[in-house]
Amino acid sequence: MSGGPRFDQALAGAVAWARAHPELGADMYLIRDVHGRVRVLAQTPPGEAAADDLHRALGAFSPGRSSLFLDGTLFTPEELARDRAPVTEGVWLIDRLVSEQGWRRPSVAKDGHKPRVTFFGIKGGVGRSTALVALAKRLAEKGRRVLVVDLDLESPGTTSMLLAPSELPAYGVVDWFVEDAVGQGDDELLRGMVNPSRVGEILVTPSLGTTSVPDDRAPSLRDGGFVAKLGRVYASPDGSEFATRLERLLEGLERVHEPDVVLLDSRAGLHDVSAAAVPRLGGTALLFAGATSQTWLGYRLLFSAWARDREVLEGFRDRLRVVASLVPETGREAYVDRVRLSAYDLFSSFVYDSSENEDALLPDVRDPDAPHAPIPIFWRREFVECEPAAPPGATNEGMTPEQFDAAFAPYLRAVGGLREVAHLFDEDP
């Protein structure tokens, strides 16, 4: 063992060093590369002794004594400002990450986009996709043209709930990213990515299309095709961010198919898809949660990253809303209250603002309209085999209207009152 500082200790050492040398300028940047090594960009170069001190403080996370300090001419002001997070007065951290960079970047959504609702959970298996289908059905019943986009690329879920395998379109989201990388994400492809579901008047853009489904009758070039495409989704030949490309996809789908509302099923967990869909595509983000410690630890890890840049966070914090998913059949009120208290603690620690300025966001713990206030979905046994896209008459076709209302009525009332979609519930199409 080296005995040197670990990852977190190295950063703490760099910050302490920066604080000890205010003579180096009003703004100092600690630029941490993908391996965790820290370089410094300062207005004034340090002396030999100061440089030696930093090299020792970083240990294995020093890039080498001669590579510790960077020339400011290598960066434009925009590059420095884009990903910087304040550490202490006059000291900024810029993390160069292989993935997950998008969690702390500003929105890429264009003005005038269609109403959007993103469904996200820090963990899977919380009924997120089922809740999306329930909202899609209710909006379709009101005569709305609903577009569902399945962004759970590595584990498609919503797709199979709304379309039988024989009903898939030719292409899906994964195909678009592969084709877009070579300049072929055109309208013809966008038209071939959507099919209507028999579950109400709902248009579905699946994660995969029939061109990716293997032919079980004989070996073919389709075998392994989806995995081959999936491995190329996050590659951008022109250097565009994943979120920027995803926004371009949504703009194209909205233009070609003209929906009234777009529902996005995001991948669970801290993933690049979620980093784009939750904070950066506009609209409302529903955060699915239970009363387990694993759920809230995961959300704390995420929210602590958001809290590093208050300006970015303030751009979407009022669009977040907690959903208490799969509330058990007994002890419901106590369960929802545990979710409420956990969510309030989370939001108070990282999102809410205790200052007295006019833009401060500090609701009461019992405020029913606050972002932390849990919207309940009640668990029912019928969830286990719920297959809304099953052929009519199948034993697992779905829920009866009474069962559906028992599970989803409070959730649909609450979501129907959210700013993003309220007009879709109130007005005639």
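1. A quick term before the helix pair: axes here are lines fitted to C-alpha atoms, for helices over the stretch in contact, and angles run from 0 to 180 degrees between N-to-C directions. Bear in mind that this is a predicted model.

2. With that in hand, look at α1 (residues 7–19) and α2 (residues 48–58): their axes come within 8 Å and cross at roughly 160°. Angles over 145 degrees count as roughly antiparallel, so that is what α1 is to α2. The crossing of α1 past α2 is right-handed.

3. As for who meets whom, α1 brings Ala10, Gly13, Ala14 and Trp17, and α2 answers with Ala50, Asp53, Leu54, Ala57 and Leu58. Sorted by type, the residues of this contact come out as seven nonpolar, one polar and one charged.

4. On to α9, residues 242–257.

5. Still on α9, the buried list includes Phe242, Leu246, Leu249, Leu250 and Leu253. Just past the helix, Glu258 has a positive phi of about 50°.

6. Last stop, Thr159 in α5 (residues 158–162). Is Thr159 buried or exposed? Its relative accessible area is 5%, and under 20% counts as buried, so Thr159 is buried. Leaving aside residues up to four places away in sequence, Thr159 touches Asp150, Leu168, Pro206 and Ser207.

Note on methods. Residues are numbered from 1 along each chain as its sequence is written. This is a predicted model: local features need pLDDT of at least 70, side-chain atom pairs count only at pLDDT 80 or more; totals for chains, interfaces and linings use all residues. Side-chain values use heavy atoms; hydrogens and water are left out. Buried means under 20% relative accessible area, exposed over 50%, partly exposed in between (1.4 Å probe, protein chains only). Helices (H or I, at least four residues) and strands (E, at least two) are DSSP runs, numbered from the N terminus. Contact means heavy atoms within 4.5 Å. Angles under 35 degrees count as roughly parallel, over 145 as roughly antiparallel, 65 to 115 as roughly perpendicular and the rest as oblique. A crossing is left-handed if the near helix is turned anticlockwise from the far one by less than a right angle, and right-handed if clockwise. Ala, Val, Leu, Ile, Met, Phe, Trp, Tyr, Cys and Pro count as nonpolar, Asp, Glu, Lys and Arg as charged, and the others, Gly among them, as polar.
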